[in-house]
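Dear colleague,

I am handing over the structure that we spoke about, and below it you will find a careful account of what turned up in it. Please read the text with the model open beside you.

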Amino acid sequence: MTDSAPTSRVGALSRPRDDYRMRDIEIKDDMIRLGQLLKLAGVAEDGAHAKELLDADEVAVNGEPEIRRGRQVHPGDIVTVGPDEIRVTSRR
């Protein structure tokens, strides 16, 4: 049996700046938790992966670094993850 070191999924977000993309994610309520948004947007595979991204200082909300998975994000907020930006929009 061989021991293998756990692999981090954080580095997978590191892309050249020319691969930058902005996308809109629509939510049905007035707010969503940051961890849920990262999963909904397909940036994080699960809650643990979302926490890894936050712990690695990969995430900012409206230009401010964020480390809380439970942070409330509202329509109009911009979440930056590595080179990508997610704009939260609402159905309302």
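Is histidine 49 buried or exposed? Histidine 49 counts as buried, because its relative accessibility is 4%, where buried means under 20% relative accessible area, exposed means over 50%, and partly exposed lies in between (1.4 Å probe, protein chains only).

Before going further, please keep in mind that this is a predicted model, in which local features need pLDDT of at least 70 and side-chain atom pairs count only at pLDDT 80 or more, while totals for chains, interfaces and linings use all residues. Residues are numbered from 1 along each chain as its sequence is written, and side-chain values use heavy atoms, with hydrogens and water left out.

**The helix around histidine 49**

Histidine 49 belongs to helix H2, which covers residues 47–55; helices (H or I, at least four residues) and strands (E, at least two) are DSSP runs, numbered from the N terminus. Its side chain comes to 2.9 Å from the backbone nitrogen of glutamate 45, which is a polar contact (a pair of N or O atoms within 3.5 Å; within protein, one must be able to donate a hydrogen and the other to accept it, and residues adjacent in sequence count only if both atoms are side-chain atoms). At the start of H2, a side-chain oxygen of aspartate 46 reaches to within 3.2 Å of the backbone nitrogen of alanine 48.

The buried residues of H2 are Gly47, His49, Ala50, Leu53 and Leu54. They lie on the same side of H2, because they cover an arc of only 160° around the axis, the arc being that of the directions from the helix axis to the C-beta atoms. Among the elements that cover these residues are helix H1 (34–40), strand S3 (59–61) and strand S6 (78–81), with contact meaning heavy atoms within 4.5 Å. Just after H2, aspartate 57 has a positive phi of about 55°.

**The sheet**

Strands of a sheet pair through backbone hydrogen bonds, either parallel or antiparallel. Here 5 strands form an open sheet with mixed pairing, in the order S1-S7-S6-S3-S4, where two strands pair if DSSP finds at least two bridges between them. Strand S1 (22–27) and strand S4 (64–65) are the edge strands, each of which pairs on one side only.

S1 runs parallel to strand S7 (residues 84–90), to which 6 bridges join it, and isoleucine 25 has valine 88 in S7 as its bridge partner. S6 and S7 are antiparallel, with 4 bridges, and they form a hairpin with 2 residues between them, in whose turn glycine 82 has a positive phi of about 60°.

**Salt bridges**

How many salt bridges does a search of the whole structure find? The search finds 6, a salt bridge being a side-chain nitrogen of Lys or Arg within 4 Å of a carboxyl oxygen of Asp or Glu.

One of them joins the side chains of arginine 87 and aspartate 24 (2.6 Å, N to O). Because arginine 87 lies in strand S7 and aspartate 24 in strand S1, this pair ties together parts that are 63 residues apart in sequence. Another salt bridge joins aspartate 55 and lysine 51 (3.3 Å, N to O), which both lie in helix H2, 4 residues apart, about one turn of the helix.

Glutamate 66, which is buried with a relative accessible area of 5%, forms a salt bridge with arginine 71, their closest N and O atoms being 2.7 Å apart. Salt bridges that share partners join Glu66, Arg68 and Arg71 into one network.
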